[in-house]
Amino acid sequence: MKTSFVQNIRKYTMLIALVGIWLIFSVLTEGVFISPRNLSNLFLQTAAVAIITIGMTLVIVTRNIDLSVGSVAAFAGAVAAYINVKMGLPAPAAIVAALVAGLVIGAWHGFWVAYRLVPAFIVTLASMMIFRGAVLGITNGATIAPLTAGFKGIGQNYIAPYMSIWIGVAAICLFIFIAIFKRYKRSKFKFSVQKFPVFALKVVLMTVAMGAFFMIMVQNRGIPYAVILVMALAVAFNFMSRQTVFGRQLYAIGGNPDAASLSGINIQKKIMMLYVIFGGLTAVGGLVMTARLNAATTSAGQGMELDVIAAAVIGGTSLMGGEGTIWGSVIGALIMASLDNGMSLMDTNITYQYIIKGMILLLAVWVDIATRKRT
Amino acid sequence: MSDYILKMQGITKDFPGVKALDDVTFSVRPGEIHALVGENGAGKSTLMKILSGVYPGGTYSGTIVIDGAQMRFNSTKESEKTGIAIIYQELALVKQLSIVENICLGDEIARGGVIDWDASYKRADEVLKKVGLSVNPTFPISYLGVGEQQLVAIAKALSKNARILVLDEPTAALSEGESAKLLKILRDLRAGGVTCIYISHRLKEVFDIADRITVLRDGKTIATHDTKDLDENKLIALMVGREVANIYPRKTRTPGDVVLEVKDWTVYDPDINKTIADVSFALRRGEILGMAGLIGAGRTELVMSFFHFWGRKSKGKIFLEGKEFDTKDAGATIKAGISLASEDRKRYGLVLDEDICKNISLASLDKISKYSVVNLMDEIRSAERYTKDLKIKTPSIEQKTGNLSGGNQQKVVLGKWLMTMPKVLILDEPTRGIDVGAKVEIYNIINELVDQGVAVIIISSDLSEVLGICDRILVMHEGRFTGELAVKEATQEKIMHYATGGK
């Protein structure tokens with residue numbers, strides 16, 4: 001009983017940490033942090049990192065890494081901006097080109113990591129430099145701006161408030177329905193289920209949290225497109241990681257590559273596929289980043305790989321492989337962005353911003369390791 | 001002669017659930033080569049680990065007396081200081097370093113932390129001469145063959161002024177020529193006054209070189225004899241002479257058609273210079289085929305090579321139900337209908353951080369998914385079924401497999417492979433490290449499978465198990481099958497005869 005309590009707490013540690021961070025900043029900024037306008041902004045700021053973190057989680061789960069995401073995201077954004085601005089083509093063409101670039105780069109990584117057995121650390125470190133150079137090449141060292149309305153809308157537009165309300169209501173209903181349906185099916189097979197009060201409390205809390213989230217959005221200007229994109233991708237990848245053969249195999253590969261291989265899993269092929277998917281996802285993150293800034297700059301995405309890896313790790317992804325959840329990582333990304341946002345609001349010196357973020361990363365991982373004692 | 005250089009008396013060592021050594025006495029005279037023999041698991045390695053301080057004083061009971069003084073080693077460093085050096089089966093050499101660096105490793109000649117290379121070379125030259133190796137000591141160790149590396153390891157021990165040299169299966173990876181050379185050097189060392197404890201499964205070598213022989217069986221000292229008082233048959237009888245406890249549920253069956261056929265299978269691993277050569281055999285439906293042999297004979301490597309998991313295949317064909325198939329990866333072999341439950345369930349069997357349910361379904365996800373989406377309810381249902389059928393003791397199938405006992409872990413591995421519906425199931429050491437109760441359950445499961453028409457191959461180093469459950473026994477020695485016995489005519493002595501290289 002006690003251990004299950006501890007396990008439950010552990011599962012929600014980072015969620016609790018996020019709420020704690022929000023409370024502290026709300027007090028320190030006398031309520032500015034918690035205002036709908038700021039929170040909506042915060043979610044928008046998180047979007048690009050969150051999207052890439054979703055994929056990074058799975059890469060880390062398989063005991064690999066990708067250090068090139070900042071450069072690759074910037075490259076994909078620069079490709080799109082170049083097509084959109086310099087060649088004057090509409091947004092869809094720019095988006096398709098960026099996605100293709102991302103997928104090809106992902107295949108490049110997958111080829112070296114899976115089939116040439118070069119450590120992912122090195123392959124992607126090389127790409128980090130290669131594609132930073134490529135960004136400079138495309139942009140010619142100058143900022144490409146402004147984007148067409150269609151393109152920048154990805155990062156700056158909102159779904160109208162009344163539509164946002166309906167989306168919110170639909171999402172909450174869907175969540176409740178799925179929770180109850182799953183519980184019903186599990187109990188039908190006499191499979192262990194949570195005690196009803198615990199289950200009810202969880203559903204109520206989640207409903208309240210989701211309700212608050214959507215209310216904040218509606219009170220501001222509606223849900224940003226980019227935030228919808230994050231949620232859709234998180235739902236899709238969460239499903240993939242838990243319920244598809246591919247997702248399951250990724251976790252087995254990370255947990256015990258020898259056993260996975262002897263169980264007939266073609267590890268090379270799966271790692272290749274993962275990097276291709278992740279390349280595409282990185283391009284999506286790059287598009288969101290570029291659209292929000294309304295420009296492709298030479299320095300875009302610098303240091304992003306560290307934010308992304310930190311977010312995944314804070315969210316409970318184990319660098320030893322085999323462990324990590326999509327939603328945990330999204331929360332991790334939100335924690336990192338909240339720190340940035342809150343400290344900027346407080347006008348904290350940039351020196352301390354870096355130091356504090358570093359210390360929190362260290363602390364978060366230590367707490368995770370310390371509470372992870374195997375039962 | 002009654003003066004002993006080494007006397008181990010009343011040594012008893014308990015592991016959780018097993019008594020590895022029970023009141024063992026082992027005495028060695030100075031300047032002799034003393035062979036220590038026994039079946040796998042008889043306790044030879046454990047005894048030597050106590051002697052070398054791997055198991056520190058206090059974790060066992062009994063006394064170690066060296067040169068009349070009672071010793072108590074708390075670390076390998078301490079036993080080395082007394083002059084004991086162990087050369088393990090897996091060589092403890094650093095491949096990237098040079099010969100001289102390896103010889104001085106851990107005992108570097110240095111002044112103020114700066115290595116004195118001249119003195120190091122001098123020392124290396126001296127000891128290399130003693131083992132009859134004329135090579136440039138600046139070469140990296142990887143330039144040498146396995147046999148020569150073995151000699152470097154001995155040279156290293158000599159450089160530490162070892163007086164008692166323990167060799168654990170030194171010739172296991174050596175060719176015949178290399179072995180002969182090694183034995184000659186051991187004789188030279190004996191002439192120079194070095195005492196040697198020699199552990200080997202190759203009885204021919206033992207008779208060739210040893211002055212005296214001590215036999216261990218099931219953690220007990222059975223006897224110590226002068227070599228001239230023994231012959232091979234007498235020695236084997238001493239090694240295996242144990243009652244076969246009747247825990248084996250035997251059924252009489254008539255085998256059906258041939259399911260699996262392997263022809264001229266030859267694989268080679270250049271890294272460890274090991275070959276599985278020209279292996280051919282057939283397996284029938286409803287038959288349990290045992291593969292016996294000593295550890296390192298190549299049985300595990302043989303079956304792993306069916307899954308593209310060991311060595312490089314140079315020739316050979318494999319047929320399942322008359323159809324040849326390509327063992328290009330593990331998936332192809334599993335799909336064809338062969339499953340392998342490895343001897344190392346933690347390394348090759350389970351994802352320990354994941355629960356029973358996910359482990360059981362791991363190799364059969366395609367069977368329970370549609371458009372590559374796993375049907376979670378089907379998964380739970382299958383996992384529940386195998387958990388029940390195999391009597392896996394657990395509060396829930398959501399239990400992490402890392403938290404289960406050895407027997408239950410083994411059953412989860414079995415469950416995983418049963419779910420693939422194999423036509424041929426290969427079990428490598430299926431009952432190693434498992435208590436008797438769980439063993440019997442696993443035997444019953446195996447019998448049931450065979451009744452359902454599955455053909456089973458069991459690799460086991462436990463001779464009584466092989467004799468107790470198999471219908472037919474193939475004996476492997478150094479990568480080749482040296483004998484085939486129907487269970488009716490098989491005895492432990494006959495198996496040992498073939499397993500030790502007899503014709």
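For burial I counted a residue as buried if 20 or more other C-beta atoms lie within 10 Å of its own, as exposed if 12 or fewer do, and as partly exposed in between, with C-beta atoms placed from the backbone. By that count, 45% of the 503 residues of chain B are buried.

I noted that this is a predicted model, in which local features need pLDDT of at least 70 and side-chain atom pairs count only at pLDDT 80 or more, while totals for chains, interfaces and linings use all residues. Residues are numbered from 1 along each chain as its sequence is written, and chains are lettered from A and ligands numbered from 1 in the order in which they are written.

**Chain B overall.** I found 17 helices and 24 strands in chain B, where helices (H or I, at least four residues) and strands (E, at least two) are DSSP runs numbered from the N terminus. Along the principal axes, the C-alpha atoms of chain B fill a box of roughly 70 × 50 × 45 Å.

**Two helices.** I took the expected span of a helix as 1.5 Å times one less than its number of residues. Helix α14 of chain B (residues 406–419) has 14 residues and should span 20 Å, and its end C-alpha atoms are 20 Å apart; 13 of its 14 residues are buried. B:Met421, which follows α14(B), has a positive phi near 50°. Helix α12 of chain A (residues 267–293) reaches 39 Å from its first C-alpha to its last, close to the 39 Å expected, and 20 of its 27 residues are buried. Just after α12(A), A:Asn294 takes a positive phi of about 60°.

**Core.** I defined a nonpolar core as a set of buried Ala, Val, Leu, Ile, Met, Phe, Trp, Tyr and Cys residues joined through C-beta atoms within 7 Å. The largest has 246 residues, and A:Ala47, A:Ile51, A:Val288 and B:Val456 have the most contacts inside it. Helix α2 of chain A (residues 36–61) gives the most to this core, with 16 residues.
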